[in-house]
Amino acid sequence: MSIELKNVTYTYSPGTAYESHALKDVSLVIPDGQFIGIIGHTGSGKSTLIQHLNALVQPTSGQVLYNGEDVWAEKYDRKQLRSEVGLVFQYPEHQLFENDVISDVCFGPMNQGLSREEAEKEAKQALTQVGVKESNFKKSPFELSGGQKKRVAIAGVLAMNPKILILDEPTAGLDPKGRDDILDQIAELHKVRGITIVLVSHSMEDIAKYVERLIVMNHGEAVFDDEPKKVFSHYKELETMGLAAPQITYIMHALKEHGLHVDADATTVEEARDSILAALAQANSPLLNKGGAEK
């Protein structure tokens, strides 16, 4: 179930003194099953981009195709599209409105035509998959913590069994443990359900170890679209866009500049550790005997 954008431009207030381009001639393909990160600073166009993926906004020019069909063609079923391409907004309270958690998550499946009993089955499975305890099912969603609200909002979309799940800043406002918990849960969903996941963030650090492809937005343009290692190699250019590569990237480049033959493209702590140990071993460094690395 692929999505394709062909030369998509989106303009706010066209033909007025306030005209501005949120997207400029963006072309990309999102194939089945990928785990994709979209990153950019505030105002880069990333949120506008994802709203095109399930036809929440119509491009000023260009085409959005889902499985080869133009989603803005006459008589195209955009309601069906939105049940297959689910979007979880940055602020979950914008998507929560029922009296209790289970009813909130049941809303989507029932809107698709399922009975309450069938919807509850889907809702309970989705809530369990995102780590919401059964003891919270009958609570008001507004009694929950920020992290739990996000999980319920994600479950509300998952219960509709989307083919593609889009998450806009799912870790915003969470502490480090909360961020890791949510991202681990999303990675597990990708693994278990095999669905396409598009994860939007402003933090390279958050998504470096999760996504297989990274799209960098800047001033409405997709300036990089590649695997994370290759994108992070442009860390100096990213800095000019107000973005910072993961700390590991800076450490590895600094070590390489000081003569240690490490893999400067390492993006996770584990990759960096293995590369540093290998480089120290190659150099017969006495540091290996000090830290217990050979034990």
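Me: Buried means under 20% relative accessible area, exposed over 50%, and partly exposed anything in between (1.4 Å probe, protein chains only). With that in hand, does Tyr235 count as buried or exposed?

Reply: Happy to start there. This is a predicted model, in which local features need pLDDT of at least 70 and side-chain atom pairs count only at pLDDT 80 or more, while totals for chains, interfaces and linings use all residues. Residues are numbered from 1 along each chain as its sequence is written, and side-chain values use heavy atoms, leaving out hydrogens and water. The relative accessibility of Tyr235 is 9%, so Tyr235 counts as buried.

Me: How many aromatic pairs does the structure hold?

Reply: Rings of Phe, Tyr and Trp (its six-membered ring) pair if their centres lie within 6.5 Å; planes under 30 degrees apart are stacked, over 60 edge-to-face, and the rest tilted. Counted that way, the number of aromatic pairs in the structure is three.

Me: What kind of pair do Tyr10 and Tyr12 make?

Reply: The ring centres of Tyr10 and Tyr12 lie 5.0 Å apart. Their planes stand at 90°, so the pair is edge-to-face.

Me: Which relative accessible area goes with Tyr10, and which with Tyr12?

Reply: Tyr10 is buried, at 16%. Tyr12, its ring partner, is partly exposed, with a relative accessible area of 39%.

Me: What is the angle between the planes of Tyr235 and Tyr250?

Reply: Tyr235 and Tyr250 form an edge-to-face pair, 5.4 Å centre to centre. The angle between their planes is 80°.

Me: Where in the chain does Tyr250 sit?

Reply: Helices are DSSP runs (H or I) of at least four residues and strands (E) of at least two, numbered from the N terminus. The pair links distant parts of the chain, 15 residues apart, with Tyr235 in helix H9 (residues 235–240). Tyr250 is partly exposed, with a relative accessible area of 27%. Its place is residues 247–257, helix H10.

Me: Now the sheet: which strands stand at its edges?

Reply: Two strands pair if DSSP finds at least two bridges between them. Four strands form an open, antiparallel sheet in the order S2-S1-S4-S5. Each edge strand has a single partner, so one side of each is left without a neighbour in the sheet; these are S2 (20–30) and S5 (69–70).

Me: Which residue in S4 is the bridge partner of Lys6?

Reply: Strand S1 (residues 3–12) pairs with strand S4 (residues 61–66) over five bridges, in the antiparallel sense. In S4, the bridge partner of Lys6 is Gln63.
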